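Here is a friendly walk through one model, going from a single residue out to its surroundings. Have the viewer open as you read.

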Amino acid sequence: MEGFDNIVSVDWLKNHINDPKIVVLNATIPKVTGDFKTETHQIPNARFFDIKKAFSDVSAEFPNTIPSEIQFQNETQKLGINQDDFIVVYDEIGVYSSPRAWWLFKTFGHNNVAVLDGGFPEWNAHQFSTELKSEKQYPLGDFTAKYNPNNVVYFESLDAIKKDPNFKIIDARSNDRFMCRVPEPRQGLRSGQIPNSVNLPYQKVLNGHKFLQKEQIASIFKDLTDNNQHLVFSCGSGITASILSLAATISAYNNSVYDGSWTEYGTLTTGHMNDPKQWTKEELLAYILIFIAHSDLEETRKEKEYILSRVDKTIYKRVEEKFEEDNDYQSIQNIIEAVKTHDYYRNDLADLFADIKLMAFADGGFYIMEKEAYNYLKKILK
């Protein structure tokens, strides 16, 4: 179809929307941000592409995990999509989750798919017609999925990839998250980055809610990569990595998405304990409680039981191993650095110190050395 590529303009869609082979999909993730409200209207005849439920493996440990080939095929057929359809995907933020749908179609062998540049905000800005959303049933389509493994990178491959000069891992998260200056939004997930990765916040390839010009995007990737490198994109959970995958495809770079992204990598790797900036709040809590418990040179059974009531056993084990490596000075420095990372200064220091007291009293008393360590922590952290 003339003019149909990996991205299409709202003018192009307006001119082709009545073509019987055009299928418009709304891939918005509802309430993706705190100030985002799902629209009541949609582009005419749009069908809802449910990334979170229908087009992710909801039984998987991590969010947005790629579905199986048969799941993708079945859910796509339920939307009435046929093998020879041309699919245009949009979202209500502009360009956010729609590239994830684009990437999924590419990954399951359907190349006739494009993202609407600027999405619903751009459509509205042109005052093109809309309709109220409504539940609809569609005749079963004949779409056939064929999994393309070259589009996906899995955790098991990363050790080799991060050492291979033919690959470049690029992280789409914000620079503050990449540099561990702010905690991860997912509760309990440690901060950090995949070794040898570089940072390109996904907003850098956008101008507002639209993509930059092709030449501008190509220049950005040229500054980050060497010639002929295969690009591997990561983010928090695979959504914004797909934005960079689309941008790289526009610029003719071979690329893949690490489907588990930082949520998986940060959960499955534990070699981060030497960097307190990368500790989760749960790891920090465990370290502080162990520190206080050992301040009188003995962690009692009841103190340990209390700590294990507050943190997972596997976390306790690796934190205890780290604590045993450190001297008192190193322990204090670790705590200070980790507390700063998690912004306890403005948030929940009171809860932290309450936890310390409850642990200390678990064995019947708040003994003098524990109290001195507690007061010292209060002094240096406030």
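## Around valine 257

Which residues does valine 257 touch, not counting residues up to four places away in sequence? They are Arg100, Trp103, Asn151, Val152, Val153, Phe233, Ala241, Ser242 and Ser245, where contact means heavy atoms within 4.5 Å.

This is a predicted model, in which local features need pLDDT of at least 70 and side-chain atom pairs count only at pLDDT 80 or more, while totals for chains, interfaces and linings use all residues. Residues are numbered from 1 along each chain as its sequence is written, and side-chain values use heavy atoms, leaving out hydrogens and water.

Valine 257 sits in strand β14, residues 255–258 (strands are DSSP runs of E, at least two residues, and helices runs of H or I, at least four, numbered from the N terminus). With 0% relative accessibility, valine 257 counts as buried (under 20% relative accessible area, 1.4 Å probe, protein chains only).

## Where α7 meets α8

The α7 and α8 axes come within 9 Å and cross at roughly 105° (axes are lines fitted to C-alpha atoms over the stretch in contact, with angles from 0 to 180 degrees between N-to-C directions). The two helices α7 and α8 are therefore roughly perpendicular (65 to 115 degrees).

On the α7 side, Lys214, Ile217 and Phe221 meet Leu244, Ala247, Ala248 and Ile250 of α8. Beyond its neighbours within four places in sequence, phenylalanine 221 also has contacts that include Ile170, Leu200 and Tyr253.

How values were computed:
Buried means under 20% relative accessible area, exposed over 50%, partly exposed in between (1.4 Å probe, protein chains only). Angles under 35 degrees count as roughly parallel, over 145 as roughly antiparallel, 65 to 115 as roughly perpendicular and the rest as oblique.
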